[in-house]
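Open the model in your viewer and keep the selection tool at hand. The stops below say what to select next and what is there.

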Amino acid sequence: MSLRPILIIPDKRLKIVSEPVAGIDDGVRALVKDMFETMYDAPGIGLAAIQIGVARRIVTIDVAQKDTGERNPIALINPEIVSASAERSVYEEGCLSIPDYFAEVERPAAVKLRYTSLEGETVETDAEGLLATCVQHEIDHLDGVLFIDHLSRLKRERVKRRFDKLARQRDE
Ligand code: NI
């Protein structure tokens, strides 16, 4: 296992639409292990493979309460939203690729989710609350969409300018 560097905006790879996973092999299992290690280390509650530069439709999530030390790791291969509730909810979101920035995003409050498990089984499950938001946020990553893309243009441009400037300072 190894920690992988997390891509930060404005890295263009974050805009890539990731490719479906054809089959679960040792490479996928090793990648998922690295993703969990990287996610827990950050720390974060969700990570998409493209955030470590791998354009495959793989997501790791753990929304268990951190303060109890409990873990509930979920790996999603080729996840998709089958249906979404009309009811919506608002959460303050953040993203490991947009460090130290948080903003409220409104999304469907509950979703029906389909994915392939690491064991190769097709799973259909209902998600609500924080898990529903997290799943939607991560699946967005697989389509090259960031949570700031759901904000007003004014807010988004302000964040982008801040990170463009940071990137320039890093390069100097
Ligand atoms: Ni994110």
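Begin with the largest pocket of this predicted model, which holds about 560 Å³ of space. Its lining is made up of 27 residues. To find the middle of the pocket, select Gly44, Ile45, Gly94, Cys95 and Phe102, the lining residues that lie nearest its centre. Then colour β4, β5 (98–108) and α2, the elements that give two or more residues to the lining. Which of the elements gives the most to the lining? It is α2, with 6 residues.

**The nickel ion**

Keep Cys95 selected, as it is also part of the next stop. Which residues coordinate the nickel ion? Select Cys95, His137 and His141: the contributing atoms are SG of Cys95, NE2 of His137 and NE2 of His141, at 2.1 to 2.3 Å. Along the chain these donors follow the spacing C-x41-H-x3-H. Cys95 and His137 link distant parts of the chain, being 42 residues apart. Cys95 belongs to strand β4 (residues 88–95), while His137 belongs to helix α2 (residues 129–142).

Are these two residues buried or exposed? Cys95 has a relative accessible area of 9%, so it counts as buried. His137 is buried as well, at 6%.

Now show what surrounds Thr133, leaving aside its neighbours within four places in sequence. The residues in contact with Thr133 are then Ser89, Tyr91, Glu93 and Arg107.

**Helix α1**

Select residues 26–41, which form helix α1. This helix has 16 residues and spans 22 Å from its first C-alpha to its last. That is close to the 22 Å expected at 1.5 Å a residue.

Next, pick out the buried residues of α1: Val28, Leu31, Val32, Asp34, Met35, Phe36, Thr38 and Met39. What do they pack against? Show β1 (46–48), β2 (58–61) and β3 (74–84), the strands against which the buried residues of α1 pack.

Move to the segment before α1 and select Ser18. With a relative accessible area of 4%, Ser18 is buried. Leaving aside neighbours within four places in sequence, Ser18 is in contact with Ile50, Val54, Ala55, Arg56, Arg57 and Leu142.

In the segment before α1, also select Pro10. The peptide bond that runs from Ile9 to Pro10 is cis, with omega near 10 degrees.

Now go to the loop between α1 and β1, where Pro43 is placed. Show the backbone from Ala42 to Pro43: a cis peptide bond joins these residues, and omega is about -10 degrees.

**Two residues with positive phi**

Select Asn78 in strand β3. Asn78 is not a glycine, yet its phi is positive, at about 50 degrees. Its relative accessible area is 21%, so Asn78 is partly exposed; the cut-off for buried is under 20%.

Then select Asp100, which is found in strand β5. Asp100 also has a positive phi, about 60 degrees, although it is not a glycine. Is Asp100 buried or exposed? Its relative accessible area is 70%, so Asp100 is exposed.

**Last stop: helix α3**

Finish at helix α3 (residues 153–171) by selecting Asp164. At 31% relative accessibility, Asp164 counts as partly exposed. How many residues separate Asp164 and Asp11 in sequence, and what is the C-alpha to C-alpha separation in space? They are 153 residues apart in sequence and 9.6 Å apart in space.

Key: Residues numbered from 1 in each chain as written. Predicted model: local features only at pLDDT ≥ 70, side-chain atom pairs only at ≥ 80, totals over all residues. Heavy atoms only, no water. Helix = DSSP H or I, 4+ residues; strand = E, 2+ residues; numbered from the N terminus. Expected span 1.5 Å × (residues − 1). Buried < 20%, exposed > 50% of the residue type's maximum accessible area, 1.4 Å probe, protein only. Contact = heavy atoms within 4.5 Å. Donors = N, O, S within 2.8 Å, 3.2 Å for Na, K, Ca; no water. 1 Å grid on protein atoms, 1.4 Å probe; cavity = no way out; pocket = protein on both sides within 12 Å on 5 of 7 lines; lining within 4 Å. Points joined across faces, edges and corners; volume = space filled by probe spheres on them.
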